[in-house]
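Reader: Could you walk me through this one? I'd like to begin with the overall fold and then look at some details.
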Amino acid sequence: MSEHDTARVAVITGGAQGIGQAIARRLSADGLTIAIVDLDADAATAAAGAIVDAGGRARAYAVDITQEDAVESLRAEVAADLGPADVLVNNAGITRDNLLFKMTTVDWDSVMGVHLRGAFLMSRAFHSGMREKGWGRIVSLSSTSADGNRGQGNYSAAKAGIVGFTKTLAKELGRFGITANAVSPGFIDTRMLRATAERLGISFGEFTDRSVEGIPARRFGTPDDVASAVSFLAGDAASYITGENIHVSGGFHE
Ligand code: NAD
């Protein structure tokens, strides 16, 4: 893939599995060229391979987005391989859940690191190419947990931070044709959600029964539900929408 063509390029952090992988698949189906950025090199390679097998264009990049130098090298590498990014999806995330009295400083710092430092480093690195083109999209994954969730002081604070960061990017970058929006999933059936059930010490079936009662749509969401919202925000049709936080939660709010 040495020739850069006219297809837009989307960089998706945490694109090797779960919601990020669904976003990568969906943006590929929309015609974009995909850069999957993930800590997990094997899973990222497999996810990119699946897109190529389905007829799309994708490459995997094994990068820890909390590392400043690695992110700067990534920007140069993606530009050389695929062309400058048009779309950035800040999706990579981790949970280190604990009640306040049990939460360690490492739990706090690692969650802040991936969600906030990661989104900051990636946005700073990748927005400049968008600015030069006068067109760009930055979509960042927040969560309904941004409104507070027991056992998630670190994660809630980070996800609320993503919303503030997004609104600021919208104000700073609007004049360059770049929009910045957040998407806040509720309960989405991924490994992250299954880990929550494990943390609570209950089966996934029991967790499901308990949780869906509070969701107006009466089901968990799928990664594709989230990918649809990201696809819209990443396209031309959403050019006058910026600084928003769209919930994809079946009506659930904390
Ligand atoms: P997931 O755990 O299935 O996938 C996250 C991916 O991020 C993994 O592939 C992981 O390797 C990667 N990653 C983690 N740290 C990284 C780092 N430092 N550098 C590069 N990659 C890294 O998670 P998911 O459930 O698909 O969630 C995706 C996003 O959606 C996250 O931001 C999450 O907080 C958010 N979210 C998820 C839910 C849900 O119910 N699953 C709900 C609300 C918000």
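Author: A definition comes before anything else: the radius of gyration is taken over C-alpha atoms, and the globule rule is 2.2 Å times the number of residues to the power 0.38. Please also keep in mind that this is a predicted model.

Reader: OK, what radius of gyration does the chain have, and what would a compact globule have?
Author: The chain has 17 Å, which agrees with the value near 18 Å that a compact globule of 254 residues would have. Along the principal axes, its C-alpha atoms fill a box of roughly 50 × 40 × 35 Å, and 50% of the residues count as buried.

Reader: And how many helices and strands are there?
Author: The secondary structure comes to eight helices and seven strands.

Reader: Switching topic, how do helix 3 and helix 4 pack?
Author: Helix 3, residues 68-81, packs against helix 4, residues 105-133, at an angle of about 35° with the axes 10 Å apart, and the crossing is right-handed. The residues that meet include Leu74 and Val78 from helix 3 and Leu121 and Phe126 from helix 4. By class, this contact has seven nonpolar, one polar and five charged residues.

Reader: Is valine 37 buried or exposed?
Author: Valine 37 counts as buried because its relative accessible area is 1%, which is under the 20% cut-off. This residue sits in strand 2, residues 33-38.

How values were computed
Residues numbered from 1 in each chain as written. Predicted model: local features only at pLDDT ≥ 70, side-chain atom pairs only at ≥ 80, totals over all residues. Heavy atoms only, no water. Axes fitted to C-alpha atoms, helices over the stretch in contact; angles between N-to-C directions. Helix = DSSP H or I, 4+ residues; strand = E, 2+ residues; numbered from the N terminus. Left-handed = near helix turned anticlockwise from the far one by under 90°. Contact = heavy atoms within 4.5 Å. Nonpolar A, V, L, I, M, F, W, Y, C, P; charged D, E, K, R; others polar. Buried < 20%, exposed > 50% of the residue type's maximum accessible area, 1.4 Å probe, protein only.
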